[in-house]
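Subject: A structure for you to look at

Hello,

Here is the structure I promised to pass on. Please open it first, and then read my notes below alongside it.

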Amino acid sequence: MVSPVLLIVIPLGLAFCVPLIGMVSKRFARFVPVVACLFNLVVSVQLLPAVLSKPIVVDLGGFGAPFSINLFVGPVGILFSLLIALAGFVVSLYALAYIDKGPTTRYHTLYLLLLVGATGVVLTGDVFNLFVFFEILCISSYVLVAYRGDKDGVESAVKYLIQGALGSALLLTGIGLLYGLFGTLNMAHIAVQAGSADPIPLFVAMALIVVGLGVEAAIFPLNAWLPDAHSSAPSSISAILSGIAIEVGLYAVVRMVFTVFGASSMLSFLMFLGVLTLLVGELCAFAQSNIKRMLAYSSIGQIGLIIFAIAIATSGSITGGFFQLVSHTLSKALLFLAAGYMIYRSGSMDISSLEGMGKRMPLTAFAFAVGAFSLVGLPPFAGFPSKLLIIRGALADGGALLALLVGLVLLGTVIEGAYFFRVIQTVFFKKGDGETARCEAPAIALVSMFVLVALIIVIGVYPSLIIGVLNSAASELLVRADYIGRVLG
Amino acid sequence: MSLELLMVVALGGSLLTYVLGRVSSRLRNGFAVLVSLALVAMVASLYGKALHVSYYEDFLGMSLVLRVSGLSWLFAMTASTLGCLSVVFSLSYMKGKERTSFYYSMLLLVNAAMLGVVLSGDLLSLFIFWEIMSWSTFLLISYNGGPALAAGMKYFVMSFVGSLAMLAGLLTVYGSFGTLEFGGVAAGMLSASPGYILAIFVLFGVAFGTKNAIWPFHAWLPPAHSEAPSPFSAILSGILIKMGVYGFLLIIFVLVGLRNFMALGADGLPLHTVLSIVGAITILFPTFMAIMQNDAKKLLAWSTVAQAGYIILGISFGTSLSVAGGVFHFVNHAVFKALLFMVVGTVEYRTKGVRDLDSLGGLIKKMPLTFAVALIGVCGLIGVPLTNGFVSKWLIYKTLILERSPFLALVALFGTWGTILYSYKFLHNIFLGQLPEKYKDLERAPMTMRLPMTVLSIVVVLFGVLPGIPLSVINSIDTSFGLKPLNVTLWGLASDTGALNTINILAAVFAGLLIVWLVLKSGGRKVSVDQADNYAAGAAIPKDKYQYSVGFYAPLTRMVAPYLKDFMDSFYMRLAGWVGGLGSGIRRIYTGYVGDYAMYIVLFLAALIFVQLTWSPW
Amino acid sequence: MSFLQDYVYYIGAFGLVLIGLFIILSRRNLIKVIIGLSILDTGINLFLISVGYISKGTAPIFSKPGLVAEDMVDPVPQALVLTSIVIGVAVLALALALAMRLHKLHGTLDLRKIGELKW
């Protein structure tokens with residue numbers, strides 16, 4: 001069997017090969033991320049059955065668990081690494097055509113580094129290692145946001161960098177505190193001792209870490225960088241930031257709260273925070289006239305929904321949360337990719353400038369519509385089973401408070417439906433200003449979009465395809481003792 | 001005939017229609033008609049059967065079921081028939097418009113989704129098809145662009161609120177009973193507490209009420225019906241909104257059970273009375289709104305809201321007579337309202353999109369057949385004896401008399417008077433009066449438009465003369481609800497308190513006609529005058545100086561207009577404005593200054609630690 | 001006095017962190033904010049080191065006979081700090097590069113004036 005280490009090592013190695021290959025042929029270098037992502041995809045799929053039956057723990061450096069850095073490839077990890085590889089693959093296909101100007105080899109290097117960082121975060125079992133991978137993810141995304149080097153890009157990159165660096169600083173402080181408290185950086189080892197630690201320093205450490213990671217995870221009110229960065233990055237990067245980066249941040253928060261700290265008393269607070277994030281995101285998105293900013297705020301809303309679902313902490317709702325995460329990654333990546341070419345052709349990010357695009361680029365517009373329908377949660381698309389699961393999980397509890405929160409969530413969904421359908425009307429049913437020439441996106445970009453369309457429909461119709469992984473992922477989060485037992489033996 | 005095959009044909013037909021449209025529009029049109037005809041045949045072959053198949057064993061742990069019962073057969077039959085006629089009608093209506101493949105494919109998809117809704121055997125499939133129906137309807141309403149966009153948006157938001165309420169309701173049901181199949185839910189409801197049932201009923205009622213456009217959820221209907229393409233308006237008004245009626249019937253009689261339902265609500269004000277009152281409001285206010293409209297489709301749209309009130313009024317009493325009245329009125333309304341929308345569609349088609357009642361007139365000479373079917377449709381709408389509307393209204397009035405509800409009866413009566421007024425306005429302003437010069441060379445309606453209209457008008461008369469045909473089907477539905485069967489005959493029905501026999505009416509009408517004919521014949525004198533001269537008793541008036549269709553019912557309108565503000569609609573619009581305002585307000589926290597953002601992060605952290613140190617809640 | 005002795009590094013680290021935060025929150029000039037970030041980083045690094053520091057401890061290398069592990073400082077935080085410094089330098093370099101670019105495009109480094117992306 002292949003070692004999960006390859007999931008990190010091969011793309012990392014390839015990332016640094018890109019500039020070398022680029023010296024020989026720039027055209028050829030473009031294909032490196034495609035190959036690397038495909039490799040990760042294949043390896044993740046291969047690992048899947050083994051991981052589902054028993055999580056794989058890899059000790060690096062040859063020492064036993066608490067003493068060396070270890071990778072923990074459980075259902076959650078494999079789910080995320082699959083998702084990262086999949087989204088990475090699709091977006092790198094898209095980028096083959098989309099990224100045609102500027103320092104393209106650097107783009108591809110950084111893009112791979114971003115994915116390596118993300119994969120590392122979700123697979124590692126060591127807190128400091130998580131920090132390092134997290135920084136790789138963040139730094140490469142700061143640069144990629146400014147890739148175009150235009151006014152908006154640089155401005156948002158600077159803002160993103162300041163907030164991100166502040167968040168990382170808090171995270172590092174928290175990790176230092178943890179080390180001071182427990183003398184270990186191994187997640188499982190910390191988890192064992194967390195129960196008996198002095199509660200106040202423990203809480204401070206947790207607060208520092210959650211806030212630090214929360215910046216990347218776009219939890220309200222830590223998410224001010226997101227609308228700027230997502231809207232001014234190249235669309236392929238927006239797709240990855242929205243589809244992968246914030247999800248990975250969310251993973252880190254959830255892993256810390258659930259597994260490392262086992263802070264079940266924080267969950268109801270997180271639930272409120274999730275609903276608040278959802279409402280703020282949806283309301284802001286509703287008031288946007290810039291399509292990419294609208295999509296960015298919608299990501300905030302979706303993240304809020306996922307936090308809400310996971311914080312309910314029943315196996316049904318966590319499954320729903322993970323399902324929502326999958327469907328959000330697919331749909332939002334699709335939306336950004338489709339919007340990317342629509343913006344490129346119309347020359348403006350204003351929603352009103354997309355009038356008549358349904359006729360000028362029917363396939364792209366169709367893909368956009370599928371993404372929007374899925375995100376709103378309409379059957380038969382992937383967003384529907386996820387919303388169904390979340391609400392079922394929330395209502396199964398039967399509490400009045402949860403019922404109220406579900407009401408608010410549904411309200412947010414209505415707002416979301418309103419602004420997405422407004423865009424769909426603009427794209428399909430408003431008469432454009434005379435320009436009617438066909439200007440479809442290039443074939444390779446269409447292929448990448450339609451891979452996502454197909455996935456969204458297949459998952460929407462046959463949710464049972466992925467429900468097994470999601471269920472085991474939910475139980476990995478809920479049963480801390482299993483995690484600890486697997487790592488420490 | 002298996003139900004899965006039916007759904008596969010319906011859904012696959014819609015998809016294939018789009019694909020074929022890429023190849024050839026002629027092929028596509030033929031295929032669309034063929035699919036819709038096949039669906040009619042397939043649904044018809046299901047008559048009297050009781051099938052129950054589980055077509056998807058494990059959708060997130062819930063099994064999805066299709067089933068057919070008497071109730072669902074009636075709705076499916078109406079839906080597929082109207083769908084077929086509407087496709088045929090579209091053939092010429094849509095000629096030369098853009099994106100016709102999309103249109104046909106969506107029309108068939110709506111049709112398929114409606115069949116899915118009524119053939120569902122569990123609440124989840126019902127919801128899934130309900131949602132597919134909602135979004136495909138949204139796309140069709142928005143199809144025309146321009147003002148249709150706002151109409152589509154309003155429809156979607158209101159319908160989405162409704163369906164999310166339904167989702168919450170059905171998941172609550174799943175939480176308590178562990179099943180969503182109708183049988184299991186009904187069994188669970190037997191022992192549920194009244195408060196619980198009431199909550200479920202309200203959640204589902206919002207969804208069904210919104211779709212059925214009963215007051216106060218009617219706001220989406222008038223713009224949506226008037227802005228949609230006319231063949232689709234016929235479906236919208238004829239059957240799509242009646243999915244709400246189906247939902248109410250389902251939840252009252254199948255899921256909750258009549259006995260439970262009648263016991264719901266407070267002591268002095270039981271739920272069924274509330275529903276009757278809502279029905280009455282829905283009759284009264286939209287009727288007057290209809291009288292005031294000058295847009296033919298808006299007039300018909302408001303009339304649809306009002307007629308939905310009659311149906312709800314009928315259902316809410318829960319006796320065999322009243323339910324038969326409500327269900328029969330649904331069938332009748334589907335027939336004559338689809339007919340009337342097609343009439344407007346024909347006029348629109350020939351006049352290149354004119355539906356303003358003030359500028360039309362005198363088309364009777366140009367489109368005699370269209371006038372004839374419009375007359376029949378209007379008669380059905382008013383409830384003139386020997387048309388189908390008469391029988392269903394008779395049943396509803398009979399109920400109101402038997403149940404001793406003089407006030408509701410008065411409201412219903414008012415509604416009928418109002419119906420006469422706006423129906424006459426509709427008929428007169430399009431077909432009677434002067435023919436404007438510019439319509440001098442108007443051609444009559446094309447074949448593919450006349451055919452569906454003729455079919456529908458024949459049905460109006462057929463069901464009016466032989467009400468026993470539909471009533472026997474409805475009677476079997478009544479019995480399946482556990483109600484006392486009615487004594488239905490081919491010509492009407494007999495009961496202890498009064499009988500309806502259309503033979504007598506038929507005889508009376510023919511006798512009357514004979515007498516009139518004899519009188520006219522014996523008079524013998526015949527003078528031909530110009531149509532315009534009719535008004536001044538033969539005295540000459542300058543043409544185009546007087547247009548008698550302008551300002552119809554002006555005094556009445558002047559009198560009631562101040563009281564007829566659609567305040568629910570303005571409330572919704574203001575609500576939408578508030579949400580937008582709230583959004584614009586909230587997004588100002590993202591000030592653009594990164595120092596503020598850093599401050600948020602630090603403050604949030606400080607607040608967390610402060611709260612924990614002070615109150616230690618975590 | 002011994003309190004001060006025991007905690008002097010923590011106090012120093014905390015002070016540096018606060019100074020860094022204060023600069024980030026109160027200064028408008030991007031360069032100053034970057035300096036603030038750098039100071040904040042330094043404070044955190046100092047904090048990490050002091051977590052593993054033992055008063056009068058030696059380097060964790062068995063270089064002479066007679067050295068016992070109890071007298072050595074904890075090597076792990078030092079490794080962490082090394083990594084963190086590297087990351088800090090990368091972020092700093094990137095931030096300065098972006099600042100140059102920003103100045104070229106916007107003609108100012110005043111963060112209050114660079115607020116075209118908002119709401």
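In chain B of this predicted model, three strands make up an open, antiparallel sheet, arranged in the order β3-β4-β5. Which strands stand at the edges? They are β3 (487-489) and β5 (498-501) of chain B; each has a single partner strand, so one side of each has no neighbour in the sheet. On average, the twist from one strand to the next is 25 degrees.

If you zoom in on β3(B), you will find 3 bridges joining β3(B) to β4 (residues 492-495) of chain B, with the two running antiparallel. One spot to look for is B:Asn487, which stands opposite B:Ala494 in β4(B). A helix packs on this sheet as well: α20 (residues 468-480) of chain B touches β3 and β4 of chain B, and the direction of α20 makes about 150 degrees with that of β3(B).

Now for chain B as a whole. Chain B has 24 helices and 5 strands. The C-alpha atoms of chain B fill a box of roughly 105 × 65 × 55 Å along the principal axes. The radius of gyration of chain B is 26 Å, which agrees with the value near 25 Å for a compact globule, because that is what 618 residues would give. Of those 618 residues in chain B, 53% count as buried. If you take the contacts in chain B between residues at least 6 apart in sequence, 77% of them join residues at least 24 apart.

Next, the nonpolar core. The largest one has 459 residues, and the members that touch the most others are A:Leu161, A:Leu334, B:Met114 and B:Leu339. Helix α6 (residues 147-177) of chain B gives the most to this core, with 19 residues.

Finally, have a look at where chain C meets chain A. How many residues of chain C are in contact with chain A? There are 29, and they are in contact with 27 residues of chain A. On the chain C side, the elements that give two or more residues are α2 (30-52) and α3 (75-106) of chain C. Of the elements on that side, α3(C) gives the most, with 16 residues. By type, the chain C side that touches chain A divides into 23 nonpolar, 3 polar and 3 charged residues.

Enjoy exploring!

Best wishes

Notes. Residues are numbered from 1 along each chain as its sequence is written. Chains are lettered from A and ligands numbered from 1 in the order in which they are written. This is a predicted model: local features need pLDDT of at least 70, side-chain atom pairs count only at pLDDT 80 or more; totals for chains, interfaces and linings use all residues. Two residues are in contact if their C-beta atoms, placed from the backbone, lie within 7 Å. Helices (H or I, at least four residues) and strands (E, at least two) are DSSP runs, numbered from the N terminus. Ala, Val, Leu, Ile, Met, Phe, Trp, Tyr, Cys and Pro count as nonpolar, Asp, Glu, Lys and Arg as charged, and the others, Gly among them, as polar. Two strands pair if DSSP finds at least two bridges between them. Axes are lines fitted to C-alpha atoms, for helices over the stretch in contact, and angles run from 0 to 180 degrees between N-to-C directions. The radius of gyration is taken over C-alpha atoms; the globule rule is 2.2 Å times the number of residues to the power 0.38. A residue is buried if 20 or more other C-beta atoms lie within 10 Å of its own, exposed if 12 or fewer, and partly exposed in between; C-beta atoms are placed from the backbone. A nonpolar core is a set of buried Ala, Val, Leu, Ile, Met, Phe, Trp, Tyr and Cys residues joined through C-beta atoms within 7 Å.
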